[in-house]
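I opened my notebook to look over one chain and then a single residue within it.

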Amino acid sequence: MSKPETPLLDELEKGRWPSFVKDLKQAAKKNPMARDLIHQLELSYKDRIGHWKHGGIVGVKGYGAGVIGRYSDRPDLFPNVQAFHTLRVNHPTGWFYKTDALRKLCDVWDKHGSGLTNMHGSTGDAILLGTTTDHLQPCFNDLSDAGFDLGGSGSALRTPSACVGPARCEWACIDSLDICYNITMTYQDQIHRPMFPYKFKIKVSACPNDCVASIARSDFSIIGTWKDDIQVDQKEVLAYASSINIQKEVCDLCPTRCMEWNGKELKIYNDDCTRCMHCINLMPKALRPGKEKGASILVGGKAPIVKGALLSWVVVPFIKLEPPYDELKNLIERIQDWWDENGKSRERLGELITRLGMRVFLKAVGLPAVPQMVKAPRTNPYVFFWPEDIQKEVK
Amino acid sequence: MPQIELAGKIYEVDEDGFLQELDKWSEEFANAYAHAEEIEGDLTEEHWKVINYLRNYFQQFGIAPMIRKICKDLKIDMKKLYELFPTGPAKGACKLAGLSKPTGCV
């Protein structure tokens, strides 16, 4: 029996779950880049080090973003992945494709690249993995002909993304799809031509379930919410009582304990509700979001690179969102201007706010301090006095 | 290490075509290299304004300036910058200015 070529990777094929190794091996039958990729990865596992060099600057004409340069540090062993650049293709909002569009995308990629794709990570874009510098411009031209455009990378506005929203979900409080599309079209320049201190991400979730994890993954999070009371159908609540323990599973797990259940009727103290969606998710037939719908705007979320992970926090508790979204876009621009003016190289918005302080941020972008901004009780009460205010009092 | 020949001289560059021996940079280098960055014709005074600015900044701080800073200090907008350097400021302009490759982020 011959010795297996990739014993370490083969371990990842064992078990019942899907395996990327199986997919790579399948691709390797057709494509030499995929073949070398497998062997380079096996070597990386053996050496316990990644065999990609850091970064590369390649691109297509007129664009400063959308292509990520990647080179192997062992081109002597793996000549077919010597250059293995990634293209980020702006995904359709909500990730809805016709099969025809997907086929076109794959045909372009079979022609110009490794045939390997990555759809969709939390970046959002359709990621096309692995091509050479010579193929970039022709591939971009073919993608354009098929109706696709590149997304953001580097210090650009990253491709905005949204949950499926009203297209598929009953809880949508805002039209996340339209908002995302509108923002994408408005800010084409910022997406394609990096100009900021670092990356800037906008994600739109249509309800507080936050299915695109905008609170953890974006500098500017738009999350659908409601202003009035949760709509309750007491008859349906009663029906749920026969299948779930309402006291234990609903009331006791409410983070603000804002509900009471007496065996017959559910009472909600809406003033204490923080829109966590737990009760609505558990009893979808009985409870619905309120009728006065809009969004909360949160800023500052980011993943751990540089200074540690941050969750976005509220800066606008409630805003009505209807086309053409001028108020929203105006706020985005005010925030970006301030960040752009004051941010250091590679400093995300959340880090800048932490460095200069929330009161400086609020004053600069013209937002009033409101109680909803308090992140946790008694930690940051947002009582702001500027030196001139104190002077006034003294006089 | 890849090499390129420009105006009769050999230069060592990296995979993306960035000059490796920064002291080898000369105006001839930039002039001869311009066509590779999709610049049609000769480098104009406006190109040189950007290139010289980048070189001065790099000599002073050891890194490439943020793009907003280029636009602000030179009083040009992004559109103009991409008109001058169609492959972009990070790729085209820094390459011609003989700066080491900006460390990009994915």
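My entries below go from the whole chain to one residue.

**Entry 1, the model.** I reminded myself that this is a predicted model.

**Entry 2, the fold.** I looked up the secondary structure and found 5 helices and 2 strands in chain B. I then read along the sequence and noted the order β-β-α-α-α-α-α.

I checked the C-alpha trace of chain B, which spans about 35 × 30 × 25 Å along its principal axes. I also looked up the radius of gyration: chain B has 13 Å, which agrees with the value near 13 Å for a compact globule of 106 residues.

How much of chain B is buried? I found that buried residues make up 48% of its 106 residues. The accessible surface comes to about 5500 Å², and carbon and sulfur atoms account for 50% of that surface.

I took the contacts between residues at least 6 apart in sequence, and 52% of them join residues at least 24 apart. For charge, I noted 13 positive and 18 negative side chains in chain B, with the centres of the two sets 9 Å apart.

Next I picked B:Ile70, which sits in helix 3, residues 67–74. Is B:Ile70 buried or exposed? I put it down as buried, because its relative accessibility is 3% and the cut-off is under 20%. Beyond neighbours within four places in sequence, B:Ile70 is in contact with B:Tyr53, B:Leu54, B:Pro65, B:Lys75 and B:Leu81. Lastly I looked at B:Ile4: it is 66 residues from B:Ile70 in sequence, and their C-alpha atoms are 28 Å apart.

Terms used. Residues are numbered from 1 along each chain as its sequence is written. Chains are lettered from A and ligands numbered from 1 in the order in which they are written. This is a predicted model: local features need pLDDT of at least 70, side-chain atom pairs count only at pLDDT 80 or more; totals for chains, interfaces and linings use all residues. Side-chain values use heavy atoms; hydrogens and water are left out. Helices (H or I, at least four residues) and strands (E, at least two) are DSSP runs, numbered from the N terminus. The radius of gyration is taken over C-alpha atoms; the globule rule is 2.2 Å times the number of residues to the power 0.38. Buried means under 20% relative accessible area, exposed over 50%, partly exposed in between (1.4 Å probe, protein chains only). Contact means heavy atoms within 4.5 Å. Accessible areas come from the Shrake-Rupley method with a 1.4 Å probe; for residues, only the protein chains shown count as cover. Lys and Arg count as positive and Asp and Glu as negative; His and the chain ends are not counted. The place of a charge is taken as NZ of Lys, CZ of Arg, CG of Asp or CD of Glu.
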